[in-house]
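Please work through the following exercises on charged side chains with the sequence and the model side by side. Each task is followed by a solution that goes step by step.

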Amino acid sequence: MSRSEKRTPEEDQLASLTHVVKSSELILTCGPGGVGKTTTAAALGVAAARAGRRTVVVTVDPARRLADALGLDEGAASDQPHQVKGVTKRATDGELWALMLDAEQTFDRLVREQAGSRKQADAVLNNPVYKAISGSLSGAQEYMAVERLHQLHASGEWDLVIVDTPPSRHAIDLLEAPDRLVGFLSHPVYRTLTVGQRTFAKITDAASSMFLWAVKRLAGPQIVEDTVQFFRSLATIEGGLRDRAREVSALLRGDDTSFVVVSSPRAEAVSEAEHLLDAINDKSFPLGGLVVNLIHPEPTELSEADEQLLADLGDGPLAEQLAWHRELQSLAVAERLEIASLEKLAGAAPVIELPLLDVDIHDVPGLVGLADRLV
Ligand SMILES: Nc1ncnc2c1ncn2[C@@H]1O[C@H](COP(=O)(O)OP(=O)(O)OP(=O)(O)O)[C@@H](O)[C@H]1O
Ligand SMILES: [Mg+2]
């Protein structure tokens, strides 16, 4: 039995993402790779705008045609919000704006904001080591996604900020990103690299001398000098970075934040989504809902008479059709089991099932159609 049967309109609201879309100030879509996080983030944005809210969606690496539909052509300041046209029609509707996450520009902005002076900021930003590693630091994409969320939320310009998450190896990275930044700033190698010149000369700490020795061998002495300078200049903004990471961490757990976990019903995706749901529950992040996307259509049951009739057919195209039908049936049974195990971890949060459509969702009407299924 589907979850939508025998419900009152109030129960229906609670069983959809309507409440999340109307009342959250921040929504993060997260989940395994390729299950529709970016598409869901955009569709939630459409739903929120149509519910009267001024909404901005931060997408990460959207598929080319979806980016076009959102007006995000490559380059062209796509790091700044652009209004998406054709989403809303009535005067009471809100607005949808979209932008693409640019991890480097987000970090540059963060450094400039935290630095005491322009000179301090330039010392970090113009360092060759910074240029080489910004954007490629492990977990940097995840951290920058939540940092961008903080920047947009703090601007006070938006009723709702929706953040899509990077296609990371582990969806869970996003939850840990702020703590990982604090961890990095507390790491012994980092601590040693940021001490003053004189102390530095006396370094005996094995980890950091090994680290520098390795860097020197691999990349030459200039890189060692640049690395030391980089970490030392970073130290001038360290307090700010730490405070910000804590603020972001608190924001992710705030009352106005909702995590929307997206998964497909395939076993591999489900196991990663379960891991993520466990982490969300354990670490007290607010779960707004679970979207199970890309569900195969369930074929109709064959009656005994049909089965008998088909059994007498022998080989041929109809028999092949029958085999395919049975395969779809067993796929549907397997998917149902996976969905049931996901539902258990969703607790009281709504679970929304979305079918695998036979067309890609790459334009505004497609997003509107999806938005109607979500709310
Ligand atoms: N219900 C659906 N039916 C058919 N196609 C879909 C559906 N949902 C999403 N898609 C398509 O699947 C592809 C992947 O979707 P999307 O980019 O949103 O996934 P993602 O989780 O963001 O991926 P990544 O982990 O790479 O960021 C896109 O081409 C999208 O149009
Ligand atoms: Mg994506």
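This is a predicted model: local features need pLDDT of at least 70, side-chain atom pairs count only at pLDDT 80 or more; totals for chains, interfaces and linings use all residues.

Residues are numbered from 1 along each chain as its sequence is written, and side-chain values use heavy atoms, with hydrogens and water left out.

**Exercise 1.** Find the salt bridge that Asp-79 forms, and state which parts of the chain the pair ties together.

Solution. Begin with the rule: a salt bridge is a side-chain nitrogen of Lys or Arg within 4 Å of a carboxyl oxygen of Asp or Glu, and by this rule the count comes to 15 salt bridges. One of them joins Asp-79 to Arg-148, with the closest N and O atoms 3.7 Å apart. Asp-79 lies in the loop between helix H4 (64-69) and strand E3 (82-83), whereas Arg-148 lies in helix H8 (residues 140-154), so the pair ties together parts that are 69 residues apart in sequence. Helices (H or I, at least four residues) and strands (E, at least two) are DSSP runs, numbered from the N terminus.

**Exercise 2.** Are Glu-335 and Arg-266, which meet in a salt bridge, buried or partly exposed?

Solution. Buried means under 20% relative accessible area, exposed over 50%, and partly exposed in between (1.4 Å probe, protein chains only). The N to O distance in this salt bridge is 2.7 Å, and the pair links Glu-335 in helix H17 (residues 317-346) with Arg-266 in the loop between E6 and helix H15 (267-282). Glu-335 has 3% relative accessibility and therefore counts as buried; Arg-266, at 30%, counts as partly exposed.

**Exercise 3.** Place Arg-244 in the fold and describe its surroundings.

Solution. Arg-244 is found in helix H14, and with a relative accessible area of 6% this residue is buried. Leaving aside neighbours within four places in sequence, its contacts (heavy atoms within 4.5 Å) include Leu-110, Tyr-143 and His-150. Finally, a network of salt bridges links Arg-244 with Glu-113, Glu-147 and Glu-247.

**Exercise 4.** Where is Asp-256 placed, and why does this residue count as partly exposed?

Solution. Asp-256 sits in the loop between helix H14 (238-252) and strand E6 (257-263). Asp-256 counts as partly exposed because its relative accessibility is 35%.

Notes: Chains are lettered from A and ligands numbered from 1 in the order in which they are written.
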